[in-house]
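User: Could you walk me through the salt bridges in this model, and how well the residues that form them are covered? Once that is done, carry on to whatever else stands out.

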Amino acid sequence: MVIKEKIEKADGPHLRLNMPFASEPDFICFDKSTQTSSGDTLDGPLQVKAKPHTVHIFVPEKAKYYVQNTRSRLQEKGLTVQSGLELENFLLELKHKTGIADMEHHESISLTPITEECNEKPLKTDPTATVTGQILLAVASLRDSNRNNIQAAAIMLNSLLKKEKNKLRGKVPEIIDIIYFHLNAIQDRSAREAAIGAVCLLVEAHTDEAISSLLRLSFFCDRHVTQIWEALGQAKQPVRLQVLAKLLEVLKRRPSLHSEPLGSDLNFKDNNTSFFPLAATKALGIIFKDKRCKVPMNSFYVSVIIFLVIQLHYLVSSLDDDYGQEEILKTSHYISCTMETLKALIKRERSSQTCFTSLTENWELLSSPENYLEGVFLLARALVKNHHGLDYAVFTKVIPFLHHGDDQQKLTAMAFFTALLSSESTYTVLQKHYILSLLKSWQIDSNPTYRWLSLHGMGNVIQHLQNRKELTSLILSILPNFNDSDEKVTLTAIEVITKEVAHHKTVNHVLLKIVKQLQPFLVDRRNNVCCAANQLFQDILKTLDPKDKSSMQDQVLNSIVTLMLNLEDPHLDVTKSRTNSLQHCKAFLGWTANDNENFWNVLCKHLVKEHPGKLRGFLDQAQEYTQSPQKSSRIAAATFIDSIFQHMESSHLQKSEVDHLRRALRAFPSDRCSVPVVSEPEKVCRYCPDLFRCSRYFPRSCI
């Protein structure tokens, strides 16, 4: 057999291997005096004299490692001329079996039986090396431009792999690397299908070796690797399930972004597999996006979702490291690939459209280090809501991580666990004692994220509790979290209680404890906390039974004074929430006002008229605010005190009582403005801009 080559330079045959030719050689076939890997002669007693035009194959630089490594291995194993003789005879037999008529007359292939005998004594050959050489020869022949030659090479390749597949252990990575190298030059569709089919046969027989080799190629994914994974996704069920199981096994590992192979260096160590999870993510993404690929929608579906989410946690957590701009961009690319794989998987489920639509605005949370767990929480709830029957499967996967996982695995499992408690079926599967003990242990943990997740879990558990005693106990256990140092925890605790008040009829003494605990947060300087606290306060006043109003009256009166003295705020949403709370207080107490009365004036008048015994407490409360660091609160406190005394002087109270209160509050701060307060602002005799600055926050339309 002869290697036919285009040589444009007269001295081309004498050039060294590392000197490129003007064009890449055409791989046709080999004659009996040429080795399968190159035209170089073997060292040793058996040397075949090469013809003067013996070719030196040019190898592209990027794949040079694979071809040179293959050549050296084959030579070391003693691949002799005899393997070439066997190959010629094999093709002859193939011709008679397949009936290819014109193979004899092709200029590149000779089918004449070889009867020549070598004078030299043949070396002992390694059967594995011989089979490997025949396979590599068949793969190289797929590059031929003649369709008959391609068909013969494809049949030869398929037959060899089916017959000798058990002899290829340890040679699979080498064969796959060479197939991948030749795919860059194979353009014929049937030839490409034959080469990719050979990879599928190798995967079927040697799954671990083949998948590992493909993962090394998948890190820098191109169209050739993409077609291979698509073919594996469409393979027969046993092979397809083996591939998916192996990819899932790799996906469970923790990736390392610091040990990835460089794009220009394919000669990385075999044991460097820390980047395999990222490559497996890309491979799964290719399979999931191809609608022709069949994916089992059972526990495998759940497992892949969980481990993809954990991979996201590993990646977003690495963004907190001291990375440069290049590393950040690279990590962001991996995050994007993982997100696309997750989306592709969720879209494959029958009812995925509803689930996917519900997550449209929440995908960005999963890629954010600060909001990742919120994204996991929303994803888990959407899965349970839209994919019935998956909740139990998810529980069986995440519970082991609650006790034995690393930090990222445990936090992700906790987010899934607390979110899935919203499902009644999953709540009943686990023992209530186990759930509550786990949540309460997280509630007192030093990690604020644990406390935050425990509150979400308790909020879901509250929906299922029917026993009033258990419900009351759980609510009271949440109240101390109002004072948590972490704003996120405080906000979540308030929101959980708000949902409980809206869905359950809570006993009066519990509501009273909630309002007492809530009092300082009505004027909290944290905007979100303040708005949430006022919303809860308003909901409690609306749902309170009229016969229980008397027990809540003192708390409402104290809240009125607190809100009046802190009404002014630069954030309009905060001002609005406090104003709404004052309106609910006024309605709760049954206070009315004329359309032309000032709101501030109405409140002060009712406090003096209906609660004279509590005036000292109101004034003491206002006096504390005269020392407030907030100027608006100091001014409001001074104005409130003056307004109360003005109404006391015009009321039925005795002058001695008024003088007693004045002496008790004799020392006022310098910010105090003493003004008379009357019902009509235009009748004020002494103008005080501070008073009207406060009054403008009580528009008449709010009365």
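Analyst: I'll start with the charged pairs and then move on to a few other spots.

A quick word on ground rules: this is a predicted model, so local features need pLDDT of at least 70 and side-chain atom pairs count only at pLDDT 80 or more, while totals for chains, interfaces and linings use all residues. Residues are numbered from 1 along each chain as its sequence is written, and side-chain values use heavy atoms, with hydrogens and water left out.

The structure holds 19 salt bridges (a side-chain nitrogen of Lys or Arg within 4 Å of a carboxyl oxygen of Asp or Glu). Take E340 and K343, whose closest N and O atoms are 3.9 Å apart. Both sit in helix α12 (residues 325-347), and being three residues apart puts about one helical turn between them. Helices here are DSSP runs of H or I, at least four residues, numbered from the N terminus. An α-helix has 3.6 residues a turn, so residues three or four places apart point the same way. E340 is partly exposed, at 34% relative accessible area; buried means under 20%, exposed over 50% and partly exposed in between, with a 1.4 Å probe and protein chains only.

Another pair reaches across the sequence: E374 and K488 meet in a salt bridge at 3.3 Å, N to O. E374 belongs to α15 (residues 372-386) and K488 to α22 (residues 487-503), so this pair ties together parts that are 114 residues apart in sequence. Both ends are partly exposed, with E374 at 27% and K488 at 31%.

D524 and R526 also pair up, with their closest N and O atoms 2.9 Å apart. Here D524 is buried at 15% relative accessibility, whereas R526 is partly exposed at 23%. There is a network too: salt bridges link D208, K246 and E249.

Helix α9 (residues 237-251) also contains V239, which is buried at 3% relative accessibility. Not counting residues up to four places away in sequence, V239 touches V203 and E204 (contact means heavy atoms within 4.5 Å). Its C-alpha is 9.0 Å from that of L201, 38 residues away along the chain.

Helix α27 (residues 599-610) has twelve residues and spans 16 Å from first C-alpha to last, close to the 16 Å expected at 1.5 Å a residue; that expected span is 1.5 Å times one less than the number of residues. Nine of its twelve residues are buried, so α27 is largely enclosed by the rest of the structure. Among those buried residues are W600, C604 and H606.

What about disulfides? A search of the whole structure finds zero, a disulfide being a pair of cysteine sulfur atoms within 2.5 Å. For C531, the closest cysteine sulfur belongs to C530, and at 5.5 Å it is too far for a bond. C531 is partly exposed at 22%, while C200 is buried at 15%.

Last stop: S628, in the loop between α28 (615-625) and α29 (631-649). S628 is buried, with a relative accessible area of 11%. A polar atom of the S628 side chain lies 3.1 Å from the backbone nitrogen of Q630. Leaving aside neighbours within four places in sequence, S628 is in contact with S633 and R634.

Definitions and conventions:
Helix = DSSP H or I, 4+ residues; strand = E, 2+ residues; numbered from the N terminus. Polar contact = N/O pair within 3.5 Å; in protein donor to acceptor, adjacent residues only side chain to side chain.
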